[in-house]
Number of protein chains: 2
Amino acid sequence: MANIRDIAQMAGVSVTTVSRVINNHPYVSEEKREAVIQAMEKVNYQVNRTAVNLSQGKTHLIGVVVPFARHPYFGLLIEGVAKQAMERHYHFVLIQTNYEGSREWEALNMLKHKQIDALIICSRTLALDEIERYQQYGAIVVCENATGNQYVDSVYIDHYQSFTDALTYLHQHGYQQIGYCIGRQSGSNSYFRHQAYQDFLKRYPQQEFIFTDNYYFEDGQKIVDEIMQLRVKPDALLVSCDIVAAGIFTAVQNIGIEIPNDLALIGFDNQPMSKMMGITTFEVPIVTMGERLFIHALGEAETSHEKLAVTLIERKTV
Amino acid sequence: MANIRDIAQMAGVSVTTVSRVINNHPYVSEEKREAVIQAMEKVNYQVNRTAVNLSQGKTHLIGVVVPFARHPYFGLLIEGVAKQAMERHYHFVLIQTNYEGSREWEALNMLKHKQIDALIICSRTLALDEIERYQQYGAIVVCENATGNQYVDSVYIDHYQSFTDALTYLHQHGYQQIGYCIGRQSGSNSYFRHQAYQDFLKRYPQQEFIFTDNYYFEDGQKIVDEIMQLRVKPDALLVSCDIVAAGIFTAVQNIGIEIPNDLALIGFDNQPMSKMMGITTFEVPIVTMGERLFIHALGEAETSHEKLAVTLIERKTV
């Protein structure tokens, strides 16, 4: 059976280079990497990756925790993570939790048991102080404002500020019964949004309209059905994700509610769908956020906590 | 430091049970598993998972190759895989390829190097006879008709039949300039669809209309723009995925093309969006397909090749 020296000779590179390729070391030219891989293919050279990992203490796997893999927001985060992982010859283990705590424990235990090198938590249900105890086993990065926490890194957008900006914008356009639609009510990002709404209501008192458990396009129909049952109806909605806003936009079309006259909409994320439907929304750099989460997981970020900016995109629904 | 015997005593179970929990053995009651995990937590018992894997020759990780993780079709396949993986205490490594062959090689090499136990290929660009050489290292399952292949398993729907059914249905409803929209033109599933279209044109000669590279909602706009440039326009479109059909449905609304009078639409997959928009479509059991792919990857399926049935859902776009 060919050994590492044979491979090096066949590929015309040094033994060190072969070892670097086997160990996924980043500083190898694509050309040399290719030559080594071809030589290994040729002689059917088989690395026991688990054995290599054991000797290195590294798996080159990053865990990514998401509540729902098929939701477009998490889909774009995963795309960002995948982009960086591909460039750096890493792979990632996707852990879908459906917001069940036991699934998050499982992910934390994968870190503890050295099955992954680091863990990215895109959205969580466990308390942060439960999670941070596991940082002794590898880097943990969360996708929410964790400024001040010295155990986990974070990449986030300022949900309090963006919600306040959107509410003020709707108020300035004359809307007086403003509500909001969101996924779950618990969770750190939802907390900041709710705070922004409460503070706005203190400044401009009105009835409260909060629609929860909305994640997908079809939930737009559910929200419209709920609104139709209300005696006092909202005249504007802040919708925490574009796909739900698009669902509302579609659901009102056949029941005589005109957008933006009867109902204004502001979405979040600037997904392509909102562009085609002309929905006013916030541009959120989700793919970039995924990339930055990965960089933090690798310990290559310059600061522990990183805030990304969002921008209001004015279209036709306000 | 506590050893396996201490854990067993604390949890009130046998040493064998503790060992089974550590090794992810399926035949442990949830109750006992919970007790063992709690005892391990309590004494901070740390398993070196990589070492366990090495001794077992198993990683309890399954690789899943997808071209794009954020596409709703692949999102639902992943959801099916995740569902089974969760139940069986497995995890999966998601490998996004963007249809680059080198990424598929990387996935195959993960199998070869024992980083994963089996590989699910949801869509591929490499030749099947290149891929099947790797089945010596672990099970490989593809999501296309691979009947007759003795090296890889497959879970698939009959794209030739469903395309033929849809074309015949449109013909019976009086449409005479029928086209189709698809993702990429290469690939096994696309091949069967194209064959069905060609055979249909032989029976009912008309101009050919094929729109390629369509994956997302916004591609609906692109298709409509292309149609507006044509002198002879299609009067019906078969659209390989609902989200693109929904994009077409939205894009024609402001330019005076009426559905179904000027343009009929049949989508695929029966995504919630098609239901809300009233788009005629094929119900494809994508989540079930993901679950079955996982069962095949574990070697627990009764046959090597498994065909799933699809059903036409008649709505308002034909």
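## Briefing: domains, symmetry and helix packing

In chain A, the C-alpha centres of domain 2 and domain 3 lie 28 Å apart. This is a predicted model. Chain A superposes on chain B by a rotation of 180°. Helix H11 of chain A is largely enclosed by the rest of the structure.

**Domains of chain A**

- Chain A is divided into three parts: domain 1 (4–47), domain 2 (57–157 + 286–310) and domain 3 (159–283).
- Domain 2 of chain A is written as two segments, 57–157 and 286–310.
- Domains 2 and 3 of chain A touch: 17 residues of domain 2 are in contact with 15 residues of domain 3.

**How the two chains relate**

- Two copies of a chain are related by a rotation about an axis and a shift along it.
- Here the rotation is 180° and the shift along the axis is 0.0 Å, with an RMSD of 0.0 Å for chain A on chain B.
- That is the relation of a two-fold axis.
- Val93(A) has the C-alpha nearest the axis in chain A, at 2.1 Å from it.
- Both copies use the same surface, as 100% of the contact residues of chain A recur in chain B.

**The buried helix H11 of chain A**

- The buried residues include Asp242(A), Thr250(A) and Gly247(A).
- Also buried in H11(A) are Ile243(A), Val244(A), Ala245(A), Ala246(A), Ile248(A), Phe249(A) and Ala251(A).

**H1 against H2 in chain B**

- Helix H1 (residues 4–11) and helix H2 (residues 15–22) of chain B pack at about 105°, with their axes 8 Å apart.
- H1(B) is therefore roughly perpendicular to H2(B).
- On the H1(B) side, the contact is made by Ile4(B), Arg5(B), Ile7(B) and Ala8(B).
- They meet Val15(B), Val18(B), Ser19(B) and Ile22(B) of H2(B).
- By class, this contact of H1(B) with H2(B) has six nonpolar residues, one polar and one charged.

**H2 against H3 in chain B**

- H2(B) also packs with helix H3 (residues 30–42) of chain B, at an angle of about 85° and with the axes 10 Å apart.
- H2(B) is therefore roughly perpendicular to H3(B).
- H2(B) contributes Thr17(B), Val18(B), Val21(B) and Ile22(B) to this contact.
- H3(B) contributes Lys32(B), Arg33(B), Val36(B), Ile37(B) and Met40(B).
- The contact of H2(B) with H3(B) divides into six nonpolar, one polar and two charged residues.
- Val18(B) and Ile22(B) of H2(B) meet residues of H1(B) and also residues of H3(B).

Terms used. Residues numbered from 1 in each chain as written. Chains lettered and ligands numbered in written order. Predicted model: local features only at pLDDT ≥ 70, side-chain atom pairs only at ≥ 80, totals over all residues. Heavy atoms only, no water. Axes fitted to C-alpha atoms, helices over the stretch in contact; angles between N-to-C directions. Helix = DSSP H or I, 4+ residues; strand = E, 2+ residues; numbered from the N terminus. Parallel < 35°, antiparallel > 145°, perpendicular 65-115°, else oblique. Contact = heavy atoms within 4.5 Å. Nonpolar A, V, L, I, M, F, W, Y, C, P; charged D, E, K, R; others polar. Buried < 20%, exposed > 50% of the residue type's maximum accessible area, 1.4 Å probe, protein only. Least-squares fit on C-alpha atoms with pLDDT ≥ 70 in both. Domains from an automatic or database assignment.
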